[in-house]
Amino acid sequence: MRKTDYAFWTFLLMTGLAGATTLLNVTQTYSATSSQNSELYKQLDLFGDVLERVRSDYVEKPDDTQLIESAINGMLSSLDPHSSYMSPKNFRDMQVQTRGEFGGLGIEVTMENGVIKVVSPIDDTPAAKAGLMANDLITHLDNEAISGLTLEQAVEKMRGPVNTPITLTVVRKGKDDPFDVKVVRDVIRINPVKSRAEGDIGYVKISTFNEQTHANLVKAVESLDKQIGPNIKGFVVDLRNNPGGLLDQAIAVSDDFLEQGAIVLTKGRNNEETQRANARPGDISDGKKVVVLINGGSASASEIVAGALQDQKRATIIGTRSFGKGSVQTIIPLGANGAIRLTTARYYTPSNRSIQAKGIEPDIVVDEAIPDDLKEKLGADKPRGEASLRGHLKNPDGSDKDGKDEESGSPSYVAKDADKDTQLQYALNFLHGTAKGPEAANNAAPSSTTPTPPPSKSGTTTPTPPDDNKPTPN
């Protein structure tokens, strides 16, 4: 046989073997996939059987939409405490929350004895201009009694299209009879940043991370710089009881105080989903000392900020252990059917540590002094943290370097009076160099960043539901 014939038949044989191998692999893959799909379809058939039995035999005729929504929500909530289904209305409410603006009146309200109580009117809003005052009680909306409505339902009625009027019936202490107040709705912007001068120190309170947070923080710091002047000692950034919000805003706020280095690392299911966010040059505080206050109510996005500034040695963290939510939720719209909030990644601080179910441990632990009349009431409540939530994700790192396992957060009480706010007063004394305590001597306020390999920015969002006990703006 000639060499050319031998080579030809050898080539055909090798091609045939390669084709047979490929076909076998494809067949095996298809067989495995087909088997998995077959099992899934069996389970879906089971779900269909149960659904039909409920629809036909339940003692009362059920709402089909509610059945399906509950089934979807049950599937998602079984994954972890932060994955859930949002109905179209809940999705719209979440969008309002994260945008930080809506058509409304401009008052913070709560429910008390079946009527709406005004906590405070927001400056330069229709409600403030109409003369509404703190502690006013609203009994009727457009002559319809509020009695029987939930706080959410009442707030929904007060919100509405811009330039539309609503009449509120108000009961005010000191006035014998109720009176009506007509208010025309306008665009209301929720300011998540409040600031004030504490002598020669700038105090900034960030209550949530919505689309307004970064821009309002920059304005607040600029205003404090002008108000206090060149002798400003530093800044206190208060993240206590901040439940979180948008990841990109947490990154932007961290970046505001950093010149360089990593901010946060997010790791998804696959390696290719790993992303890093990196600080860019520019420190809005001009290198002034920064103290960050945290407690058991500081979660999610607020922990990203605290972790980034702590690892980069840009700020001193004071307070108590944070909540410990180290996961990222992405909102996935479902068209007209609402959306799902799905946990898609874990996040890690610049030093590559996960705070999931452990929280941020402060550089200096300072417990908030609780008044005697509240000690018994608050003492019975165990601190709630991520580790106490049923079905929470486990920390991927296991025990930390000190052998500690999961921690269940810390108290979230904060004194309303700044003079009685133990943690705030300690932070002010710390920046003045007069703080006293066993930890103070061993913890110097950092003044520079530690370079870290540059990462890229991430735009994933992590919306967090508001605290039900907080006043509701409308």
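This is a predicted model: local features need pLDDT of at least 70, side-chain atom pairs count only at pLDDT 80 or more; totals for chains, interfaces and linings use all residues.
1. Is S254 buried or exposed? S254 counts as buried because its relative accessibility is 0%. The residue lies in helix α7. Leaving out residues up to four places away in sequence, S254 touches I263, I304, V305, A308 and L309.

2. Overall figures for the chain. The protein chain has 474 residues, and buried residues make up 41% of them. Its secondary structure comes to 10 helices and 20 strands. Of the contacts with a separation of 6 or more, 73% are between residues 24 or more positions apart. The chain exposes about 25,700 Å², and carbon and sulfur atoms supply 52% of that area.

3. The open sheet. Six strands form it, in the order β10-β11-β12-β15-β16-β19, and the pairing is mixed. β10 (193-198) and β19 (364-365) stand at the edges; each has a single partner strand, so one side of each lacks a neighbour in the sheet. Helix α6 packs on this sheet and touches β10, β11 and β12. The direction of α6 makes about 15° with that of β10.

4. Pairing inside the sheet. β11 and β12 (residues 234-238) run parallel and are joined by five bridges.

5. Strand β16 itself. In a regular strand, side chains alternate between the two faces of the sheet. In β16 (residues 316-319), T316 and I318 point one way, while I317 and G319 point the other way. All four are buried.

6. The loop between β14 and β15. I284 lies in this loop. I284 is partly exposed, at 22% relative accessible area. I284 and D256 are 28 residues apart in sequence, yet their C-alpha atoms are 5.7 Å apart. Beyond its neighbours within four places, I284 is in contact with L217, V218, V221, D225, D256 and F257. D286 sits in the loop between β14 and β15 too. Its phi is positive, about 55°, although D286 is not a glycine. D286 counts as exposed, at 62% relative accessibility.

7. A further positive phi. N113 is not a glycine, but has a phi of about 55°. N113 is found in the loop between β3 (107-112) and β4 (115-121). With a relative accessible area of 78%, N113 is exposed. Backbone geometry at N113 and D286 could be inspected side by side.

8. Salt bridges. The structure holds 18 of them. In helix α1, R53 and D57 are four residues apart, which means a separation of about one helical turn. Their closest N and O atoms are 3.4 Å apart. R53 and D57 are both exposed.

9. Salt bridges across the sequence. E152 pairs with K89, the closest N and O atoms being 3.5 Å apart. E152 lies in α5 (residues 151-158) and K89 in α3 (residues 88-99), so this pair ties together parts 63 residues apart in sequence. Both ends are partly exposed: E152 has a relative accessible area of 48%, and K89 stands at 24%.

10. A buried pair. R172 forms a salt bridge with D136, with 2.8 Å between the closest N and O atoms. R172 is in the loop between β7 (165-171) and β8 (179-184), and D136 in the loop between α4 (126-129) and β5 (137-141), so the pair ties together parts 36 residues apart in sequence. R172 is buried, at 17% relative accessible area. D136 counts as buried, at 1%. Elsewhere, salt bridges that share partners join K205, D238, R240, E368 and D421 into one network.

11. A nonpolar surface patch. L46, V50, V54, Y58 and V59 form it, with about 490 Å² of accessible area together. V54 lies in helix α1 (residues 3-57). At 30% relative accessibility, V54 counts as partly exposed.

Terms used: Residues are numbered from 1 along each chain as its sequence is written. Side-chain values use heavy atoms; hydrogens and water are left out. Patches are made of residues with over 30% relative accessible area and no salt bridge: like charges are joined within 9 Å, nonpolar side chains (Val, Leu, Ile, Met, Phe, Trp, Tyr) within 5 Å. Accessible areas come from the Shrake-Rupley method with a 1.4 Å probe; for residues, only the protein chains shown count as cover. A salt bridge is a side-chain nitrogen of Lys or Arg within 4 Å of a carboxyl oxygen of Asp or Glu. Helices (H or I, at least four residues) and strands (E, at least two) are DSSP runs, numbered from the N terminus. Buried means under 20% relative accessible area, exposed over 50%, partly exposed in between (1.4 Å probe, protein chains only). Two strands pair if DSSP finds at least two bridges between them. Contact means heavy atoms within 4.5 Å. Axes are lines fitted to C-alpha atoms, for helices over the stretch in contact, and angles run from 0 to 180 degrees between N-to-C directions.
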